[in-house]
Amino acid sequence: MSCKQLCITLVAICSSLLVIVVVRTLTLVPRKDVVIACKTADSDFIKLTDQILKRFQKALQIDTISFKRGEYNRDQLLLLGSHLQKSFPVVHSSPLVKLDIIANYSRLYTISGSNTSLTPYLLTAHLDVVPAIAEEWELPPFEAQIKDEFIYARGAIDFKQGIMGILEALEYLLSKGFKPNRSFYIAFGHDEEVTGVDGARAISQELQYRGLKQVEFLLDEGLAVLNGFIPGIKKTVALIGIGEKGFLTLKLYVKGEAGHSSMPLKQTAIGILAKAVSKIEDNPLPSMLGYGPEKEMLEHLAHEMPLAARIVMSNLWLFGPIVSWVFSQKPPTNAIIRTVTSVTMFNGGVKTNVLPSDATAYINHRIHPAQSLQEIMDYDRAVINDDRVQISVEDSMVAAAGSPSGENDFGYQIISNSIRQIWTNATTAPGMMIGNTDTIHYKDFTKNIYRFSPTVMFPGDEKRFHGVNERISKNNYEQAINFYYHIIVNADKSTLSISHKHSDEL
């Protein structure tokens with residue numbers, strides 16, 4: 001091929017690519033979420049009174065800490081249960097509501113609807129919280145003090161605003177004479193922070209024992225109302241988790257030879273293991289951009305971006321490697337596109353002048369839905385490439401497949417509409433939950449599992465989850481209550497009563 005012919009060929013290829021990119025950008029249609037006809041009036045907005053605020057603060061002051069499986073503050077869980085009982089007298093005395101205490105501490109509410117032909121739905125949250133190191137906080141983590149209109153406390157966003165928000169909404173509705181058409185369940189597990197095997201799993205078994213076969217949808221904690229998190233988007237984005245990462249915890253063990261430090265071996269157990277861990281950290285797993293819910297999220301949000309970013313996000317088939325590189329630079333976005341790896345524990349040695357007889361490390365992977373547990377194990381073995389390092393599985397959970405999120409999917413649209421009734425200028429989009437929830441224990445009841453927390457977040461706030469200075473603004477807690485109010489009202493419909501497409505009002 002002559003130089004001229006080569007140039008012509010290259011020009012033709014580039015021109016074709018340009019045409020494809022332009023056409024794809026112009027024709028990629030954003031998700032058309034429906035708008036449900038809502039009969040609620042402005043007067044139905046639940047205002048954050050001093051009484052409501054104090055109830056919330058009291059719940060946060062109860063340190064329902066889970067430490068590990070089977071080890072949690074039992075007395076505090078009972079105290080929280082008593083607080084809920086006293087705080088919501090209408091809920092706990094209504095003939096429409098039945099409360100069952102499951103596994104001593106978890107709570108299962110059954111709210112009976114008048115139309116038994118409608119499939120019930122399930123709202124879930126959890127009573128427990130993770131530990132907090134008080135010395136590191138601006139304010140004590142279990143006093144729920146207020147500073148600059150923010151309530152500081154462990155559990156403020158994970159996830160006692162869910163418990164209290166749901167019950168405040170239900171208390172308000174029942175006090176106004178609300179009688180649901182559709183039955184629903186409210187399930188509060190007591191050990192979600194340590195995988196929910198005692199709480200949510202027992203609730204699930206109880207529902208199965210009762211003969212429950214199916215729920216219309218499930219809403220649990222999850223993604224949030226985000227400001228400034230997604231590159232190229234200035235608008236508020238509320239992400240609804242339609243999938244959930246799995247996890248794999250591996251134990252790495254090296255058997256060494258003890259001895260005196262004055263006569264060291266060429267490599268100690270700690271040295272061998274340190275090299276293996278270094279290899280794992282230096283060789284992250286490949287990007288899986290385009291093979292999970294993140295593709296749907298980015299393409300849906302493309303129309304909210306400036307032209308250059310819109311072109312890129314509308315054509316991930318071409319610009320995927322660039323997007324992967326950009327997302328890899330920051331932990332919150334890096335976690336969206338790949339299986340991430342964290343070395344969380346490293347133990348070895350007993351004395352400064354004694355060679356270690358063994359060494360142990362633990363690695364926690366958060367697995368992208370496009371990858372399997374075995375695939376991750378095989379990858380780690382190949383990267384370490386040292387038979388002296390024994391690898392065993394400590395714990396694992398397969399990633400959850402994506403739930404439906406189209407304009408005719410009842411559960412997704414109920415949640416999306418309820419979000420936009422509170423955050424009226426927000427764009428909703430499907431996303432992937434990078435942590436884990438109690439939803440794994442309810443997966444046999446429905447494929448319509450959604451993960452959303454009514455929590456407003458700005459860059460830096462993600463560190464407050466399980467971290468220092470967890471907090472929620474008073475205004476945001478008021479929004480959370482009203483979000484659940486709309487969930488209950490909207491989900492009471494028999495079908496999606498569409499007034500118009502959301503895109504029509506833009």
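At 18% relative accessibility, Asp 100 counts as buried; the term means under 20% relative accessible area, while exposed means over 50% and partly exposed lies in between (1.4 Å probe, protein chains only). Before going on, two notes on the model. It is a predicted model, in which local features need pLDDT of at least 70 and side-chain atom pairs count only at pLDDT 80 or more, while totals for chains, interfaces and linings use all residues. Residues are numbered from 1 along each chain as its sequence is written, and side-chain values use heavy atoms, with hydrogens and water left out.

Back to Asp 100. Which residue forms a salt bridge with Asp 100? The partner is Arg 210, and the closest N and O atoms are 2.4 Å apart. A salt bridge here is a side-chain nitrogen of Lys or Arg within 4 Å of a carboxyl oxygen of Asp or Glu. Asp 100 lies in strand 4 (residues 97-102) and Arg 210 in the loop between helix 6 (200-209) and strand 10 (218-226), so the pair ties together parts that are 110 residues apart in sequence. Helices (H or I, at least four residues) and strands (E, at least two) are DSSP runs, numbered from the N terminus. Arg 210 is partly exposed, at 33% relative accessibility.

The search of the whole structure finds 15 salt bridges. Another one joins the side chains of Glu 244 and Arg 451, at 2.7 Å from N to O. Glu 244 is in strand 11 (residues 237-244) and Arg 451 in strand 19 (residues 449-457), 207 residues apart. Both Glu 244 and Arg 451 are buried. There is also a network: Lys 98, Asp 100, Glu 206 and Arg 210 are joined by salt bridges that share partners.

Glu 168 is another charged residue to look at. Glu 168 sits in helix 5 (residues 160-175) and is buried, with a relative accessible area of 4%. Its side chain makes a polar contact with the side chain of Arg 55, at 2.8 Å. A polar contact is a pair of N or O atoms within 3.5 Å; within protein, one must be able to donate a hydrogen and the other to accept it, and residues adjacent in sequence count only if both atoms are side-chain atoms.

Four strands form an open sheet in the order 14-16-12-17, with antiparallel pairing. Two strands pair if DSSP finds at least two bridges between them. Strand 14 (340-348) and strand 17 (390-397) are at the edges with a single partner strand each, so one side of each has no neighbour in the sheet. Eight bridges join strand 14 to strand 16 (residues 358-367), and Val 340 has Arg 366 as its bridge partner there. Strand 12 is joined to strand 16 by ten bridges and to strand 17 by seven. Leu 252 has Ala 361 as its bridge partner in strand 16 and stands opposite Ile 391 in strand 17.

Last, the cores. A nonpolar core is a set of buried Ala, Val, Leu, Ile, Met, Phe, Trp, Tyr and Cys residues joined through side-chain atoms within 4.5 Å. The largest has 67 residues, and Phe 188, Phe 217 and Leu 219 are among those with the most contacts inside it. A second, separate core has 24 residues, including Ile 230 and Val 237.
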